[in-house]
Amino acid sequence: MCGIVGLHLRNPELYPRLGELLTGMLCEMSNRGSDSAGVAVYGDPTWSPPGRSTVSVLDVVAGTDEITRALGEALGVTVLAHHVDETLLVSADVAPQTLRAAVAAHFPAALIAGFGRDLAVLKGVGHPKALAEAWGLAEAQGWQGVGHTRMATESAVVPAGAHPYAVGPEQCLVHNGSFANHATIRRDLMAHGVVFDSENDTEVGARFVAEQLGAGRDVETALKELCATFDGFYTLLVSNHDSFAVVRDAIACKPAVIAETDDWVAMGSEYRALAGLPGVENAVIWEPEPEVVYAWTR
């Protein structure tokens, strides 16, 4: 059992409140998973400076000065870095893949939690409420946020096992459920050169979707292909720079609810995650149908 939340803001007047609203949603799902938690925030100008790529990194031993100097010399540009609790956010005016590759080359033992433009990914081990406070999540701004609270079932409680899995540029995936055939699909992906950071079955789904998107498919097509390929019980939320999408398995046994207003679209594992959103009393609210992909674009 895990908790999923997602908030896609349509009204720019709400952008300053993204972190506040996302914090309330995430903390409401704490009893669905208190082992670890994570968020992906799109558009916070401090965490992911506009016009620059940002890489979210965990398990870096080097100091900030050493990191910025080494990466700056390698890339030939100014590199900025600062910590948000245990996550190091590194940004530079280069392509996202270029910055990610430089971080991986210089700090091969580090865990890259996410990368892209306007995206910061924070995750860690501990109670979601404590992590949200340590991150200062309530102060974050932006147009979109995704969160997850984890109750570990099939892999270790470590940062690498926490969601979101953000393995493609500006992409992330969170998951409630389990994939029964993830080991077979993992082997197939590895045979095509895909590298994994954890034993978590969710990462297999995230890598699969990233491969589909990288091949030029849109989110809806990628998720339909996932439904045709993966066995198990799941609710998934997949986001990129300007959109997010929700899909459930053919039996739809994992809970999910969607609410929509003119100002926002939100998704949660349970309605109480959405109950504090402004104007929710006027929202259109429904339970997503099995294997139907629901997608919204900024």
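Two strands are taken to pair if DSSP finds at least two bridges between them; strands (E, at least two residues) and helices (H or I, at least four) are DSSP runs, numbered from the N terminus. The model is predicted, with local features needing pLDDT of at least 70 and side-chain atom pairs counting only at pLDDT 80 or more, while totals for chains, interfaces and linings use all residues. Residues are numbered from 1 along each chain as its sequence is written, and side-chain values use heavy atoms, with hydrogens and water left out.

**View A. The hairpin of β12 and β13.** With 3 residues between them, β12 and β13 form a hairpin. Strand β12 covers residues 257–260 and strand β13 residues 264–268, and their antiparallel pairing runs over 4 bridges. Met267 in β13 lies opposite Ile258.

**View B. The pairing of β12 with β14.** Strand β14 (residues 284–286) pairs with β12 in the antiparallel sense, over 3 bridges. Ala259 has Ile285 of β14 as its bridge partner.

**View C. The crossing of α1 and α4.** Helix α1 (residues 18–28) and helix α4 (residues 128–135) have axes that come within 9 Å and cross at roughly 160°. Therefore α1 is roughly antiparallel to α4 (a term for angles over 145 degrees). Axes here are lines fitted to C-alpha atoms over the stretch in contact, and angles run from 0 to 180 degrees between N-to-C directions.

**View D. Residues at the contact of α1 with α4.** Thr23, Leu26 and Cys27 of α1 meet Pro128, Lys129, Ala132 and Trp135 of α4, contact meaning heavy atoms within 4.5 Å.

Key: Parallel < 35°, antiparallel > 145°, perpendicular 65-115°, else oblique.
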